Amino acid sequence: MRLSDNINYAAKLIQDGRVVAFPTETVYGLGANALNPMAVAKIYEIKERPSFDPLIIHIADIRQLEALTNCRDKRVYQLAERFWPGPLTMVLPKSSKVPEIVTSGLPTVGIRMPNNAIAMELIQKSNCPVAAPSANKFGRISPTTAAHVRKQLSNVDYILDGGKTNVGIESTIIELTDTGCKILRNGIITQEELETILSIDDRTNHVTLSAPGMLKSHYSPAKKFMIADSEMFAMDKSKAGLISFSGKLESGFKNVIKVSSNANLTDYAVNMFEAMHLLEDDNDIDLIIAEPVPESGIGNAIMDRLRKAAYNWRQDLV
Ligand code: TXA
Ligand code: MG
C-alpha cells in the first residue's frame, strides 16, 4: 500500500474509536480520538499507564485549539505562531469538550501541533483532535521508529510507519503563568528560545519539573543503565555498551553507539533513544553507560532523560 493509503486507513481506524501508533517529529505517539473517552481508555490500557498521568492532544489547525481550551491569552497565539507546528506543548485551561480521562481529571489540557506531515495529514483526515502519549510501555524507552513501537506494544490496532523521527526526544512542555511561564519538561525548544517571547519563572531551578508524569524514573532500558562518571574508568567494560558523544570514552567497551560524529547536541537528542534500544537489544552486553553533556540549552533535555533512565538502576547500587 502507498503511504497515503496507509494514512487514510489509520484515520478511518481513529474515527472508529481504535488506537493507532503514528510518527511525529519528536517520538512515535499512540493516538486515539481525544473526544471519545472509550477510545482514550484503550491508550492507557495498551501502555499500562497509570490513570493519573494525563495525555497531550495533537491538533492540525489552530481552530481546534479554540474548542479544546477556554484560554484566549494572546501569548498562546504568539507562541503558536513562532513554534507550531513544532515540539512545544502548551498546558492550558481545558474546555468542557475535553473528556476527564484525557486530562486525568486536571482542569488543564496539554496541546501541541506536530511538525510532521504524516501526523498532520492523519489528524486532518481523522477529523478530530488526537490524544497521544509516546508509544512505549509506561516508564520504558520512547520509540523513534515503528520497529521500536512493535517491540513494546503488541496490541495496537495499527502502526503507521513514517521512518525515524527527526527530533528524537519529546516536546518541551510549558504552562503559562500570570508573569510568564513554567517549563514542565525540557525539550529541544529551550528556555532561551522561549524567552524571546515571554519570561520563564524559576529559570535556574530545573528540579521542580512538575508534569504529573514526570516521575523520577522513566525512559528505562531493561538493562542496567548508568551515566558515565570517574568510577567508570576502573570498571570492566567487556560486557558494557557505551552511548558515545565526544568519542573520548570508547576504549574497552564491547559495543559503542556514536550519537554524533561531531559532538553536536541536536544529534544526541535525535539518536539517544535509538541508541538505548540498540544496546537494550544487544545480548552481548549487560550494562549500558551513557556519556553526559553540559546542562545548558538542549543539554538540559538530554540530561533529564539520562537521569530518569538511570534512576532505578542507581537505587540498585546503594
Ligand atoms: O513529543 C511529545 O510530547 C510526544 C509526542 C507523541 O507528541 N508525546 C509525549 O507524551 O511525550 P507523553 O504522554 O509520553 O508525555 C506527556 C507528558 C506527561 O508527562 C504528562 O504528565 C504531561 O505531559 N502532561 C499532559 N497533560 C498535562 C497537563 N494538563 N498538565 C501537566 N502535565 C501534563
Ligand atoms: Mg512518554
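Domain bounds are taken from an automatic or database domain assignment. This is a predicted model, in which local features need pLDDT of at least 70 and side-chain atom pairs count only at pLDDT 80 or more, while totals for chains, interfaces and linings use all residues. Side-chain values use heavy atoms, with hydrogens and water left out, and residues are numbered from 1 along each chain as its sequence is written.

**View 1. The two domains of the protein chain.** The assignment gives domain 1 (3-194) and domain 2 (224-317). Their centres, taken over C-alpha atoms, are separated by 28 Å. Domain 1 brings 24 residues to the contact and domain 2 brings 16 residues, where contact means heavy atoms within 4.5 Å.

**View 2. The area buried between the domains.** Buried area is the accessible area (1.4 Å probe) that two parts lose on being put together, summed over both. Domain 1 and domain 2 bury about 1600 Å² between them, and 56% of this lies on carbon and sulfur atoms. Of the area that domain 1 buries against domain 2, 33% is supplied by Ile-141, Ile-169 and Asn-186, more than by any other three residues.

**View 3. Salt bridges across the interface.** A salt bridge places a side-chain nitrogen of Lys or Arg within 4 Å of a carboxyl oxygen of Asp or Glu. Five salt bridges are found across the interface of domain 1 and domain 2. The side chains of Lys-164 and Glu-274 form a salt bridge, with 2.7 Å from N to O.

Note on methods:
Chains lettered and ligands numbered in written order.
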